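Please look over the structure shown below before reading on. The paragraphs that follow lead from the place where two chains meet to details within each chain.

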Amino acid sequence: MVSDTKYLRNIGISAHIDSGKTTLTERILFYTKRIFAVHEVRGKDGIGAKMDSMELEKERGITISSAATYCQWKEHNINIIDTPGHVDFTIEVERALRVLDGSILVLCAVGGVQSQSITVDRQMNRNHIPRMAFINKCDRAGSDPYRVVDQLRKRLNHNAILMQTPIGLEGNFSGVIDLISMKAFYFEEPFGEDIKIESIPPSLVNEAMEKREELLDAAAMFSDELTEAILEDRVTEDLIHEAIRKGTIARELTPVFIGSAYKNIGVQPLLDGIIHYMPSPIDVENTAFDIDQEEKIISLTSESNAPLVALAFKLEISPYGQLTYLRIYQGSIEKGDTIMNTRNKNKIKVGRLAKMHADEMEEISKASAGDIVALFGVDCFSGDTFTDGSLNYALKSMVIPEPVISLKISTKDNKSNNNVAKALNRFVREDPTFTSRVDEESGQTIISGMGELHLEIYVERMKREFGAQVETGIPQVAYRETISGKAEFNYVHKKQTGGAGQYGKVAGFMEPLEEGHYEFINQIKGGVIPTEYVPAVDKGFQSCLKKGILIGFPVLGIKITVNDGQYHPVDSSEKAFSQAAIGAFKQAYFKAKPIILEPIMKISIECPSEFQGSVMSSINQRRGTIISSAEDGIFTAVEAEVPLAEMFGYATVLRSLTQGKAEFTMEFTKYLKVPKSLEDELIAKHKKV
Amino acid sequence: MEKYLNISPLKILEKSNHKELGKGNLGVVISRAGVGKTSCLIHVALDRLFRKGKVIHVSLKDTPEKVISYYNFIYVDVFNYLDLENEQEAKDFLDKNKIILAYLKESFGIDKLSENLKNLAENISFTPDTVIIDGFDFEGSGRNIFEKFKEMANEFQVEIWFSALSHRHINKVNERGIPFPCSDLDDLFKLIIQLQPTQEGLFLKLLKDNNIKISPDFIVKLNPDNFFAVE
């Protein structure tokens with residue numbers, strides 16, 4: 001293992017589904033001798049690519065969990081996180097980006113810059129990740145890497161520059177011309193391990209010269225030395241590499257490589273590009289919040305002898321037990337060390353420490369700043385920060401989108417019930433965008449996540465990995481009730497059925513409460529209700545709030561003042577006064593003009609500007625209010641407020657409206673009164689039930 | 001909510017000929033940097049909103065979040081003054097009738113705004129009465145641009161209010177008393193107002209009211225904390 005941090009690269013591979021990134025990763029592992037045979041995502045040999053370790057992923061041919069792996073290439077250690085390509089799993093991409101120093105955007109030479117490429121690229125921008133691009137599938141019919149470079153420039157605003165030109169295309173794609181060495185690279189059959197380096201075919205010289213000029217012009221913007229060298233005609237390869245590296249790390253230049261991972265063409269030059277142009281951990285500034293100093297921002301050093309600061313960015317169940325993937329930002333970890341989780345101050349002894357290679361592992365004894373490693377059996381959540389105990393730091397929390405959809409799930413038998421509980425416990429730890437809770441009223445389990453497919457995958461996993469027989473219901477909105485007027489109550493609870501009776505009288509009024517859920521005001525004078533019974537009155541009222549009388553949803557925004565009452569020296573009791581309060585509530589509630597509130601979500605939609613009109617229209621159709629729209633030349637960000645009830649299925653609608661080029665997030669903002677027609681509908685539905 | 005009109009800086013127009021800018025017309029608030037053009041324009045928007053009109057606020061320098069925070073800041077004082085029973089209801093009413101459009105990274109163009117106004121009308125039936133354009137570069141724009149804005153105001157039947165930045169070191173004032181950067185464009189604007197900080201306080205001064213002769217008392221003192229008109 002290479003120990004010097006400057007020879008370390010933490011790289012993500014992100015792209016649209018089916019652009020071939022898993023195959024690319026597989027080839028990288030093959031050429032770096034981490035694996036000794038190649039398989040495909042949808043492998044005919046039934047083995048499947050190395051990075052897709054979950055059975056479901058293998059079956060669907062998509063990558064769901066981002067498996068981490070590492071390899072070595074020319075004295076450099078490269079940690080790779082393979083990231084999913086489907087929009088419903090963007091949290092996986094977000095988490096991967098949080099811990100990476102650079103990323104490769106894999107694009108299909110036929111499909112070009114597709115919707116998910118736009119989404120992923122925007123996520124990379126948000127995380128300030130330097131990028132390289134790999135235009136894959138140049139062997140496919142209709143491939144056109146030049147068109148894709150143009151799309152990178154126009155659609156993604158990248159200063160994209162070709163590092164290579166193709167030798168042939170589609171069925172004739174046989175190699176690449178390296179524009180720095182000005183040599184032709186051919187990748188020998190059967191697996192392209194041996195590279196034959198030859199002179200550029202005469203028919204391609206002019207094109208190569210032209211593209212090299214473009215490359216030099218772009219690179220020279222980042223190096224005065226290169227500019228001078230160009231003028232004096234003494235350009236060296238090192239000067240070009242240095243300038244491109246500078247531009248790439250500054251995120252002002254995107255080197256573009258081409259190839260076909262499937263046909264074993266162009267992968268090794270890409271690896272060279274990674275070590276030449278992607279930053280090492282010491283090239284990136286990382287910060288943490290010092291919890292003891294009111295979250296003052298502290299710069300971290302990538303020195304391995306500094307106190308440890310590390311982030312648990314992924315939890316995963318593996319054949320070896322629970323794995324916690326850790327990115328070390330500062331200091332080092334050794335087997336036997338004691339580390340502290342700064343969220344709960346729990347101290348943990350580091351048992352086994354490993355480098356993961358998809359679902360295989362390699363035990364190591366020590367890891368240092370910049371490394372991505374796995375710990376075993378650590379009880380923590382994704383996003384927790386670990387230190388050596390001498391620091392109380394928290395690393396910047398990751399951008400975690402709010403779940404947008406909920407589903408009731410039910411099980412067929414007791415065994416399934418237990419298995420679902422185990423599964424949910426695991427999923428919520430693995431994925432912060434997935435939540436589960438038990439509905440107090442119905443006793444049913446409700447799961448929430450980022451989209452229909454997101455939840456579908458988890459339901460499938462419950463069935464397959466945990467053997468649970470699960471059925472799902474339909475999405476449910478969390479309505480609330482409140483009152484809009486003031487109403488008085490004067491209620492006597494009296495019961496005499498042999499033995500000790502029950503007696504309690506409460507009088508007062510209820511009125512809307514502008515801020516907060518509930519307030520109880522005791523204005524009883526002269527001991528008409530003895531002090532010891534007052535809490536029971538309060539409790540009685542509170543019990544009514546759990547389930548409103550109008551449609552059976554919780555009541556909020558209510559202030560109750562009790563100013564009179566009566567007790568009986570023998571028959572009064574806590575129970576009697578509690579019942580009196582319940583009676584009083586029922587007596588006054590309808591007089592106080594109850595109304596139904598619905599959750600209003602703040603929606604942020606980012607889309608290419610040409611879809612602004614249809615996006616706004618879709619919001620309008622959903623009873624939404626447009627708050628703002630911001631354009632930046634290519635994209636428009638629309639902010640709106642929309643009732644949650646109108647948002648189910650919106651991800652699918654938005655995808656079809658914008659050819660999948662938009663993404664949206666939403667979060668709860670407030671409760672608002674439902675329109676009269678919906679109110680009538682909900683009341684009628686409740687009465688029917 | 002009509003009570004707001006008592007403290008609206010646009011009270012200054014009570015002294016003007018038409019009492020308002022009016023559809024198809026351009027108006028501008030001129031002041032030096034940092035005096036409060038944006039706050040003043042927000043009050044122009046509120047004046048329209050409280051008259052049950054619809055507003056589009058176009059920002060060419062600030063993100064929507066920042067513009068929203070300006071509005072929220074001014075809402076606090078306005079709601080306090082109005083002593084409203086249900087502030088949330090008032091805020092929802094104002095928000096429903098106002099849309100912020102931000103054009104960042106020099107992405108603004110008249111055609112684009114025109115297209116967006118059409119979009120809003122066609123897709124969500126939002127037809128503004130007033131368009132506020134904050135941060136437009138008067139110095140870097142030719143006369144033809146403002147002629148296009150005038151055409152747009154006519155086409156969409158809106159009034160358009162601008163903010164214009166004047167400079168301490170440029171004292172150019174035309175023969176009609178209109179300062180730079182509007183001195184060569186004043187014929188295109190129906191109303192021109194200047195926000196003037198003086199030792200006596202902050203004043204809003206009407207410099208042009210169509211072609212009516214301006215009287216020196218066409219002036220309103222503003223509370224510098226909240227830009228409320230002071231009697």
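Predicted model: local features only at pLDDT ≥ 70, side-chain atom pairs only at ≥ 80, totals over all residues.

A salt bridge is a side-chain nitrogen of Lys or Arg within 4 Å of a carboxyl oxygen of Asp or Glu. Between chain A and chain B the count is two salt bridges. The two chains also have 12 residue pairs in polar contact, with both residues at pLDDT 80 or more. On the side of chain A that touches chain B, α14 (612–620), β35 (625–631) and β37 (663–673) each supply at least two residues. The largest share of that side, seven residues, belongs to β35(A). Sorted by class, the side of chain A that touches chain B consists of five nonpolar, nine polar and five charged residues.

How is the size of such a meeting place expressed? The size of an interface is often given as the accessible area lost when the parts come together. For chain A and chain B, about 1,700 Å² is buried between them, and 49% of this lies on carbon and sulfur atoms. The contact draws 19 residues from chain A and 25 residues from chain B.

Strand pairing also joins the two chains. Over four bridges, β35(A) pairs in the parallel sense with strand β3 (residues 98–103) of chain B. Within this arrangement, L101(B) in β3(B) has S629(A) opposite it.

Chain A may now be considered as a whole. It contains 16 helices and 37 strands. Of its 689 residues, 58% are buried. Among contacts in chain A with a separation of 6 or more, 71% are between residues 24 or more positions apart.

Salt bridges occur within the chains as well, and the structure holds 36 of them over all chains. In chain A, E188(A), K196(A) and E198(A) are linked in a network of salt bridges. Another pair consists of E679(A) and K673(A), whose closest N and O atoms are 3.8 Å apart. Are these two partners buried or exposed? E679(A) counts as buried because its relative accessibility is 9%, which is under the limit of 20%. K673(A), with a relative accessible area of 43%, is partly exposed.

D95(B) forms a salt bridge with K91(B), and the closest N and O atoms are 3.0 Å apart. Because D95(B) and K91(B) are four residues apart in helix α3 (residues 87–96) of chain B, about one helical turn separates them. D95(B) is buried at 9% relative accessibility, whereas K91(B) is partly exposed at 24%. In helix α5 (residues 143–156) of chain B, E147(B) and R143(B) also lie four residues apart, about one turn of the helix. Their side chains meet in a salt bridge, 3.4 Å from N to O. Here E147(B) counts as partly exposed at 34% relative accessibility, and R143(B) is likewise partly exposed, at 32%.

H43(B) belongs to helix α1 (residues 37–50) of chain B. Its relative accessibility is 0%, so H43(B) counts as buried. Apart from neighbours within four places in sequence, H43(B) is in contact with Y4(B), P9(B), I74(B), V78(B), N226(B), F227(B) and F228(B).

Conventions
Residues numbered from 1 in each chain as written. Chains lettered and ligands numbered in written order. Heavy atoms only, no water. Buried < 20%, exposed > 50% of the residue type's maximum accessible area, 1.4 Å probe, protein only. Contact = heavy atoms within 4.5 Å. Buried area = accessible area lost by both parts, 1.4 Å probe. Polar contact = N/O pair within 3.5 Å; in protein donor to acceptor, adjacent residues only side chain to side chain. Nonpolar A, V, L, I, M, F, W, Y, C, P; charged D, E, K, R; others polar. Pairing = 2+ DSSP bridges.
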